[in-house]
Amino acid sequence: MVILIVRGFALLALASATVLHAQVPQLISYQGRVAVGTMNFEGTGQFKFALMNADGSTTYWSNDGTSTAGSQPTAAVSLTVTKGLYSVLLGDATLPNMTVVPATVFTNADVRLRVWFNDGTNGSQLLTPDQRIAAVGYAMMAGNVPDGAITSAKLANGAVTSTQLASGAAAANLASGNQSGVSSGGIVLSVDSSSPSLLSAGYTKFGNSTISLGESWTATQTTDTPALRGYHCAVWTGTEMLVWGGYDGSYLDTGGRYNPATNSWAAMTQTNVPGARWKQRTVWTGSEMIVWGGNAGAASFNTGGRYNPSTDVWTATSTTNAPSNGRTQNSAVWTGTEMIVWGGSSSGPTFHNTGARYNPSTDVWTAMSTTNAPVARYQHYAVWTGTEMIVWGGGTGALYYNDGARYNPTTDTWSAPIATSNAPSARRDSLPIAVWTGNEMIVWGGYDGTYLGDGARYNPTTDIWVPLSATAAPSGRANHGAVWTGDKMIVWGGFGGSRVSTGAYYTPTSDAWTATSTSNLAARADHTMVWTGSEGIVWGGTSSGSYFSDGSRLTPARIFYLYQRN
């Protein structure tokens, strides 16, 4: 017997407030749970979907377009089910056997979703009961709202809610004359509840009205994707995610470019590509991705390359005055003009407390001072503050550190050791990720013989650490992904004794954790995660000797505030 337990669903295709008649994505995000007998199903399941009227006599839409009068579609959609849970974007035509959901479906008063499931053993079975689409589904029709049809009188304070719009990006032309003080010049949305830029531009806050959109996961395209891998590197260019190198049982020198706007991949040239490797470090300069270091078996590298996505050209980095010892699991930061690499390990192992600065415009390396530098280490954390590089933690062999220092490239000097009071306990991570908030470094997770689920914030101006709240924090892990969104840190995935597919948001201003929703990705570690300005993209990774070439885009929930022109 197959049992469906509905976990809930929500429509993600809300009308853009930028232009009320703009095209709206025809997508419904649906999540469910399936069990075979009393056991949650695990693996790849075959699903069929249809939208129909209340008694099932009329089919409005089905995943492959073959259903009539509520009948079972012919072709199925393959979905990964983890611990009984699955999710799908109904209408996502990038999925095999999935057709677009027409907006006209929601001109009908009562629309029901019917689901069939095949576990590969018991055949295709109808899951009951049919699920009624809630009112939010009718948001697809917002794409057809004519200009001027929504008046300010229809925006009750606090009644409208949104999340996927960039600050100040939305300017809706409202019909005038329905509320004092609102002109046809319109309404602007902002993520700032007291936006100085809007106030200075002649706007005032529109009562307590807000727009909010819920969190969503969107699978990345799997056509033309780079080969599966883990321990690779990735950067965000402003329009594309670049991934390169890594390991899939062999060391890799291939990569790819992912454009989330078109949900498409493009291959990188192999001409002049650096040698195959993993655990290398990378930075984005504003025009090029620089990769450096890493290893392949017993060989550690002090070589690297610069990749220009505009020209699809690789250029080798100079080795003159580069750190003489090839190394891996070092740190690398971009200052705005130079890449700074420091620490790491070489075969032996040999650990280093040396480093150098690389200027790509001159292809020149400059050695760093070692006076007052931290002791040799690898797998440490590092961030760039705008004026200094902070390094912290790491270890050597069986040792773990919870100390560090700040390096100023202008003066080529290391500060005195940073404070250890209230600092996180000693730890390291083979893929260490700390985030810089604009005034603090946040360290979370890692490994000290056990997998850690705590952390702290470090303020270099005051030399003070503040522990992070443990309430609702994710389970302990290492080799996870972490990004800074502008107001919160997102962590996802990793290894904590086993691979995990969970994550959470940490907001420093409230010292609070909030769990992410269940993703459409299998549990993994050793993946990459970049922040685009509106989404976190997770890609690749490892799981118990296997590797991934899939990914997903996480769009966090946000609240927008409405401002009216004076």
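This briefing walks through selected strands, cores and backbone details of the structure above. The model is predicted. Strand β34 has partners in β31 and β35. The largest nonpolar core holds 24 residues.

- Strand β34 covers residues 404-408.
- This strand is mostly covered, with 4 of its 5 residues buried.
- β34 pairs with strand β31, residues 389-392, in the antiparallel sense. The pairing runs over 4 bridges.
- In that pairing, methionine 389 sits opposite tyrosine 407 of β34.
- β34 also pairs with strand β35, residues 413-414. Here 2 bridges join the strands, and they run antiparallel.
- Tyrosine 407 stands opposite tryptophan 414 in β35. So which residues face tyrosine 407 across the two pairings? They are methionine 389 and tryptophan 414.
- β34 and β35 form a hairpin, with 4 residues between them.
- Aspartate 412 lies in the turn of this hairpin and has a positive phi of about 50 degrees.

**A four-stranded sheet**

- An open sheet of 4 strands has the order β40-β41-β42-β43. Its pairing is antiparallel.
- Which strands stand at the edges? They are β40 (481-484) and β43.
- Each edge strand has a single partner strand, so one side of each is left without a neighbour in the sheet.
- From one strand to the next, the twist averages 20 degrees.
- Strand β41 spans residues 489-492, and strand β42 spans residues 503-507. They pair in the antiparallel sense over 4 bridges.
- In this pairing, isoleucine 490 stands opposite tyrosine 505 of β42.
- In a regular strand, side chains alternate between the two faces of the sheet.

**Nonpolar cores**

- In soluble globular proteins, nonpolar side chains tend to be buried together.
- The largest nonpolar core has 24 residues. Phe47, Phe49, Leu51, Tyr86 and Leu90 touch the most other members.
- Five strands each supply at least two residues of this core: β2 (28-36), β4 (43-52), β6 (77-81), β7 (85-90) and β8 (112-118).
- Another core, of 14 residues, lies apart from the largest one. Its members include Ala419, Ala423, Met441 and Ala456.

- Proline 129 is part of strand β9, residues 124-132.
- Proline 349 is in a loop, between β26 (345-346) and β27 (350-351).

- Aspartate 526 is not a glycine, yet its phi is positive, at about 60 degrees.
- Where is aspartate 526 placed? It is in the loop between β43 (512-515) and β44 (528-531).
- Is aspartate 526 buried or exposed? It counts as buried, because its relative accessibility is 2% and the cut-off for buried is under 20%.
- Serine 544 also has a positive phi, near 50 degrees, and is a residue other than glycine.
- Serine 544 is found in the loop between β46 (542-543) and β47 (546-547).
- Serine 544 counts as exposed, because its relative accessibility is 66% and exposed means over 50%.

Terms used
Residues are numbered from 1 along each chain as its sequence is written. This is a predicted model: local features need pLDDT of at least 70, side-chain atom pairs count only at pLDDT 80 or more; totals for chains, interfaces and linings use all residues. Side-chain values use heavy atoms; hydrogens and water are left out. Buried means under 20% relative accessible area, exposed over 50%, partly exposed in between (1.4 Å probe, protein chains only). Two strands pair if DSSP finds at least two bridges between them. A nonpolar core is a set of buried Ala, Val, Leu, Ile, Met, Phe, Trp, Tyr and Cys residues joined through side-chain atoms within 4.5 Å. Axes are lines fitted to C-alpha atoms, for helices over the stretch in contact, and angles run from 0 to 180 degrees between N-to-C directions.
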